[in-house]
Amino acid sequence: MAPPPPPSGWFLPLFFLLSLAAAAAAEAAAAAAPEEEFTEELLLRPLPDRKALAHFHFRSSAPPSAAAGRHHHLFPKAISQLVQKFHISELELSFTQGRWNYEQWGGFDPMSTSNAKPPGVELWAVFDLPLTEIDATWKNLTHTLSGLFCASINFLESSTAFSAPRWGFKLNEGNLRYGALPREAVCTENLTPWLKLLPCRDKAGVASLLYRPSIYKGYYHSQKLKLRSSKSLGIILDQTLTVVLQPNTVSSKQLHSTDRQLQPSWSLSDLFNRKLSGKCLVSRSSRIFLEIDKGIVDKLNESEFDVSWDNEFFVLSTGPDRVIKELNNLKVQSSSFYEYDVNNYSEDMPLDVGITWKLPLIWSCTPSPYHTSRFLMGSGNERGSIALSFLSTNLQKQIFGSSNDCSIKAVVFQVVPWYVKVYYHSLEIFIDGNRKTIPEVVDQIHVTPSEDKLLPGTLEMLLKFPCSMQSATLTLDFDKGFLHIDEYPPDANQGFDIPSALVSFPEFSSARSYPDIGSSLGSPLLQNFQEGGIVKSYTEVLLVPLTTPDFSMPYNVITFTCTVLALYFGSLLNALRRRIGEEERELKKSAARRGLIPLLLSKLRGQKADPSQSGSPPESVRSKLLLKVIFVAVVAVVFHYLSNNN
């Protein structure tokens, strides 16, 4: 058969041109498509009570994609698979140690509104699924997150541990689930998987400042993961870590600012025991902000000092690259941000930004409209009361003026375990010491009663307080339930936790205004501050003691029963297997063969050896054995009879 003719000379050049055109088209399509991005930022702020706030913010974003198994360059693949598998629209998971001090650290700014979380673990998620599939998906989600973050989030799987709020926590269409574990401990086992979601982990960039001993010895520590998913925006993942630290300086002492002492001077090396030597190479932007609070700016304006990085009250260790001013509704400066671009620093010239105080300064952070607190009333193991108190901060006078005709709305969201049986009809409201009827204060209320071992109780209330109110108290009576012995935790005598209640003020927004910056700055942290949110605060976790059984009784019964059985069967087997005739012969032989030492002792004492004294008579042996067997048998019969009657 003849070989095929060789290809013509024009085929190879044409194939080469087509390949170049296809490669150019692919590159153009890749350039036109949005890419994954990663940004890292750090916010530092001095606090009035001689402490320092550090807020780490990392954002990873993935563009929308029709492919389910796409390759990710920067975005964590585990989070992408989580969103696709469970059809999550929004999710927020926080691990918190300590409690945010709303009186000292502020309650009206975006930091306290978005990043102040209750102690322990808090998880909520919004699903894009039919309502009938949400509960099963929530259970699978808790197990996945438990393995991903090395925590006990799987305890939220049970229907007694999560709730479905309507509007008290977040307005939804019934596709939101909420759960909290107040007693969950937070440690490095939770921080390590959280850091693994970052492209550079803690090896480079802003995350390299996360020195474990400095973080966990702070007064407050909260790490949060929040993601949003949509077909138009893709997936946006925000990872934040908020810590309140005591500056590690020799001159700093535990003195309150009212003692007219200088605030402690600090820097990055004082707070985290290291300096910042550069950014994460794959990050689009890397910035550090040092914020001067509104209270400090007001003090500088009163003293007619310039709000600069070097003034009469303080000086920054490094000159900022940019100054960003916040303006309030009256176009008056409220706070200042000093921006540092990490791109300008390296290992040869590390960044160690800090603040040094020159004169004593006393200021306060803007509080929320009301300071809220919650406590228990009553005594005993049968019943009690939950009290929620509101104490006015007179913030409404600065906003509404001295008018007494206005009102302030407050939304209360509370989840109560099923073993705390709350009587919602016993709600009593006292305003400035005077009892009020429920229609006078409560505008809207939604109650989900608890079911024994099935559902927790949920309370959602919309309250309306007059602006002239200085204090208010709400009380609810409850009975303490009984648990099965298998339902008690190992530390049952410590008590049982009631999760923190959430109090929000829908008429107040914590959004900030920065006219000097636009979308070109590309700072997710400041964008979140501009978006803000409603002002809200969490109350304390309540510790309720319940009636606990004597857990030592099963141990006592087991040990006593085993002892009696051992004595009975041991004596019975001994009596059945003993050969009395052989024992008698052995006793006679031993009496005949006396040892050398007894003979010598008897010779020394001048006594004569009597062979009959070496053994006991057979009749006494038989009687003793018979009495033992009868006694053990009687004890066993009596014990068996009593145990059957009980």
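Start by selecting K117 and E122: their side chains meet in a salt bridge, 3.9 Å from N to O. A salt bridge here is a side-chain nitrogen of Lys or Arg within 4 Å of a carboxyl oxygen of Asp or Glu. Are these two residues buried or exposed? K117 is buried at 5% relative accessibility, and E122 is buried too, at 1%. The cut-offs, for a 1.4 Å probe and protein chains only, are under 20% relative accessible area for buried, over 50% for exposed, and partly exposed in between.

A quick note before you click on: this is a predicted model, where local features need pLDDT of at least 70 and side-chain atom pairs count only at pLDDT 80 or more, while totals for chains, interfaces and linings use all residues. Residues are numbered from 1 along each chain as its sequence is written, and side-chain values use heavy atoms, with hydrogens and water left out.

Next, pick K294 and D298. Their closest N and O atoms are 2.9 Å apart, in another salt bridge. Both sit in helix 9 (residues 294-302), four residues apart, so about one helical turn separates them. Helices are DSSP runs of H or I with at least four residues, strands are runs of E with at least two, and both are numbered from the N terminus. K294 is partly exposed at 32%, and so is D298 at 26%.

Now jump to E540 and R99, whose salt bridge spans 4.0 Å, N to O. This pair links distant parts of the chain, 441 residues apart: E540 is in the loop between strand 25 (534-538) and strand 26 (542-544), and R99 is in the loop between strand 3 (88-97) and helix 3 (102-105). E540 is partly exposed at 24%, as is R99 at 32%.

For a whole cluster, select R45, D109, E291, E326 and R512, which are linked in a network of salt bridges.

Which order do its five strands follow? They run 15-16-22-18-19, in an open sheet with antiparallel pairing. Strand 15 (370-377) and strand 19 (434-436) stand at the edges with a single partner strand each, so one side of each has no neighbour in the sheet. Strands count as paired if DSSP finds at least two bridges between them. Zoom in on strand 18 (residues 420-431), which three bridges join to strand 19; there, F430 has R435 as its bridge partner.

Finally, zoom out: the protein chain has 16 helices and 26 strands, and 44% of its 646 residues are buried.
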